[in-house]
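Here's a quick tour for anyone meeting this structure for the first time. Have a look at the sequence and the model, then read on.

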Amino acid sequence: MSLFGLKFRKKKLREVERQLQANNRDFNLQFEYANNSIKTSKYNFFTFLPLNLFEQFQRIANAYFLFLLILQLIPQISSLAWFTTVVPLVLVLAVSGVKDAIDDFNRHKSDKHVNNRPVQVLINGMLKDEKWMNVQVGDIIKLENNNFVTADLLLLSSSEPHSLTYIETAELDGETNLKVKQALTVTAELGEDLQKLTEFNGEVKCEAPNNKLDKFTGTLTLRGEKYALDNEKMLLRGCIIRNTEWCFGLVIYAGPDTKLMQNSGKTTFKRTSIDRLMNVLVLLIFAFLALMCLILAIGNGIWESDKGYYFQVYLPWAEGVNSASYSGFLMFWSYVIILNTVVPISLYVSVEIIRLGNSFYIDWDRKMYYPPKDTPAQARTTTLNEELGQIKYIFSDKTGTLTQNIMCFNKCSINGKSYGDVYDMSGQRIEINEKTEKVDFSYNQLADPKFTFYDHSLVEVVKLGDVPTHRFFRLLSLCHTVMPEEKKEGNLVYQAQSPDEGALVTAARNFGFVFRARTPETITIVEMGETKVYKLLAILDFNNVRKRMSVIVRSPEGDLTLYCKGADTILYELLHSSCDSLKEETTEHLNEFAGEGLRTLVVAYKNLDEEYFQDWIRRHHEASTALEGREDKLSELYEEIEKDLMV
């Protein structure tokens with residue numbers, strides 16, 4: 001009984017959380033985690049025949065002809081030889097089976113190609129080439145630029161400053177813009193030192209495998225210290241490493257446990273609308289056939305009763321038939337066999353051949369060929385291709401899916417004054433066009449030459465040192481998740497996960513508040529030519545419920561400030577009562593901006609008390625390292641501190 005209880009508890013633990021140690025295969029083997037081999041095929045050598053036949057007999061016509069074959073084996077009602085049904089049925093099943101076998105063979109081929117990709121795994125202090133399928137949970141692997149990510153990894157270190165790693169997630173979410181991941185400072189120190197990486201023995205506890213691409217909850221315990229892990233430190237299988245010479249990662253989920261495979265599901269037997277239509281038509285034909293056979297059987301029963309009974313000397317009844325009604329019953333099934341050609345079994349073969357030919361046309365389509373990468377269209381299955389021709393509308397939830405999704409800083413309202421419009425000498429607003437004079441940012445050596453703005457009054461206010469205006473642009477340069485790249489001195493390129501953030505940070509840059517660099521603990525800003533380093537104490541993440549993000553920073557002068565930006569409806573509820581009059585003016589400007597079709601948001605700040613903040617940050621650390629209810633605990637803390645803001 002105790003042994004059963006032990007096994008049950010161990011299984012339960014695996015369902016709730018995952019535990020692993022780096023560089024310790026013996027420890028990790030006890031949990032029987034899946035290896036990195038994947039399988040997307042439906043059949044193998046032994047299961048192909050039974051499974052494929054089961055799927056094919058779900059087609060009503062195939063099931064009907066099997067039923068017909070059984071009837072023909074009964075001598076009393078068989079009017080045709082059994083092979084007249086077997087031959088066409090076997091032919092139909094064979095054609096469909098060969099097509100399904102080819103499809104599944106291609107899946108096996110793809111699986112084999114992926115499972116045999118090479119990757120460098122750290123084993124006994126040396127990097128060894130291994131196949132993807134041999135990678136196990138807890139292994140440390142090295143990836144290089146343009147490599148596919150082998151499994152779901154915890155990023156440990158990389159070649160980029162502050163252990164940043166740039167990834168392309170097109171295979172996961174279809175987005176081609178690069179995303180930035182950053183390792184923990186404590187693991188970033190490992191660099192590419194194989195000795196240090198081999199000695200790394202951190203223990204990870206995290207959530208069980210799931211299909212949520214944007215969430216990850218876990219902790220890393222190293223040398224007695226506990227560190228919070230989230231999705232920003234994870235490299236997911238299916239991503240591609242970009243603009244990063246090398247990086248090291250610890251395998252957390254492998255093979256079928258990876259988020260990519262958790263989302264793919266099992267390969268199922270799919271029916272198209274034409275298949276369903278054919279089944280309905282065949283059912284109607286069955287009904288018509290049954291009606292014909294019933295009429296003929298009734299006619300036979302009546303004739304045998306009136307005439308045939310007296311002609312038995314010349315037309316004797318079959319052996320075992322002793323009444324006209326029984327003769328009619330047997331005749332019903334005989335007619336079912338005789339009239340079997342009414343059911344169009346060849347229709348299925350015709351459709352299968354048309355699908356196969358159509359898949360070749362898709363492969364050969366020149367308009368779907370992409371020359372820069374020598375990539376033709378590829379029909380991965382011949383089952384569903386006629387569905388493509390029936391698409392009439394595409395409903396998209398994001399403009400960026402179908403457009404370039406470029407955002408530009410257009411207008412702003414600071415301390416009750418609106419900027420962005422251009423006025424003539426008489427105070428009349430002028431329509432902005434190509435001839436309108438642009439603001440000259442040449443005084444700012446770090447300005448982005450592609451940025452355009454037309455309201456000269458905003459630049460003058462910034463140059464005069466207006467405190468609210470400076471605070472506004474300081475907030476824009478500090479409250480974001482953008483990563484800067486400076487390949488040449490002064491040539492700044494921002495890697496933003498959303499175009500909104502990129503536009504706001506670029507605007508702050510041109511108006512004299514240049515976001516220059518960031519580490520996990522600091523943000524470096526060049527404010528009106530003077531370099532300042534702010535300590536980054538906490539990031540209060542954006543999500544679809546909060547609809548805002550905040551940062552808590554300590555200025556070089558020692559001031560503690562919370563900066564927040566987000567949707568107006570949300571932030572207005574968090575403002576201090578002293579902002580009521582300013583809120584009304586700002587709302588008028590926001591309504592004007594929104595009326596012109598501009599995307600709007602509100603920014604606010606709050607000065608923090610040192611004693612209160614120290615207590616809050618302690619509770620924040622406890623919440624961020626909790627494995628259960630982490631999001632709820634953090635959300636409560638965010639709500640607590642994001643109060644009484646100043647717009």
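What you're looking at is a predicted model, where local features need pLDDT of at least 70, side-chain atom pairs count only at pLDDT 80 or more, and totals for chains, interfaces and linings use all residues. Residues are numbered from 1 along each chain as its sequence is written, and side-chain values use heavy atoms, with hydrogens and water left out.

**Salt bridges**

- A salt bridge here is a side-chain nitrogen of Lys or Arg within 4 Å of a carboxyl oxygen of Asp or Glu. With that rule, the count comes to 26 salt bridges.
- Lys233 pairs up with Asp230, at 3.4 Å from N to O. Asp230 is partly exposed, since its relative accessible area is 26%.
- Lys99 and Asp100 also join their side chains in a salt bridge, again 3.4 Å from N to O. Both Lys99 and Asp100 are buried.
- Glu527 and Lys532 make another salt bridge, and their closest N and O atoms are 3.5 Å apart. Glu527 counts as buried because its relative accessible area is 6%, and Lys532 is buried because its value is 15%.
- Which residues are linked in a network of salt bridges? They are Asp615, Arg618, Arg619, Glu622 and Glu640.

**Annotated spans**

- An unreviewed UniProt entry carries the annotation "transmembrane region" for residues 80-102, 280-303 and 323-349. Positions are given in the numbering used here, feature names are shortened, and such annotations may be inferred rather than shown by experiment.
- Helices (H or I, at least four residues) and strands (E, at least two) are DSSP runs, numbered from the N terminus.
- For residues 323-349, the chain is 74% helix and 0% strand, with 43 Å between the end C-alpha atoms.

**A nonpolar surface patch**

- Patches are built from residues with over 30% relative accessible area and no salt bridge; like charges are joined within 9 Å, and nonpolar side chains (Val, Leu, Ile, Met, Phe, Trp, Tyr) within 5 Å. Accessible areas come from the Shrake-Rupley method with a 1.4 Å probe, and for residues only the protein chains shown count as cover.
- One nonpolar patch on the surface is made of Leu73, Trp82, Phe83 and Val87, which together have about 450 Å² of accessible area.
- Phe83 belongs to helix α5, residues 83-115. Is Phe83 buried, exposed or partly exposed? Phe83 is partly exposed, because its relative accessibility is 45%.

- Plain contact means heavy atoms within 4.5 Å.
- Asn28 sits in helix α2, residues 25-29, and is buried because its relative accessibility is 4%.
- The Asn28 side chain reaches the backbone oxygen of Gln21 at 2.9 Å, and one of its polar atoms lies 3.2 Å from the backbone oxygen of Val137.
- Leaving aside residues up to four places away in sequence, Asn28 touches several residues, including Tyr33 and Gly138.
- Ser163 is found in the loop between β5 (152-158) and β6 (164-168). Ser163 is buried, because its relative accessible area is 4%.
- From there, the side chain of Ser163 reaches the backbone nitrogen of Ser158 at 3.4 Å.

**Loops with positive phi**

- Asp374 isn't a glycine, yet it has a positive phi of about 50 degrees. Asp374 lies in the loop between α12 (345-364) and α13 (385-388), and is exposed because its relative accessibility is 54%.
- Asn415 is another non-glycine residue with a positive phi, near 55 degrees. Asn415 is in the loop between β14 (412-414) and β15 (417-419), and counts as exposed because its relative accessibility is 52%.

Notes:
Buried means under 20% relative accessible area, exposed over 50%, partly exposed in between (1.4 Å probe, protein chains only). A polar contact is a pair of N or O atoms within 3.5 Å; within protein, one must be able to donate a hydrogen and the other to accept it, and residues adjacent in sequence count only if both atoms are side-chain atoms.
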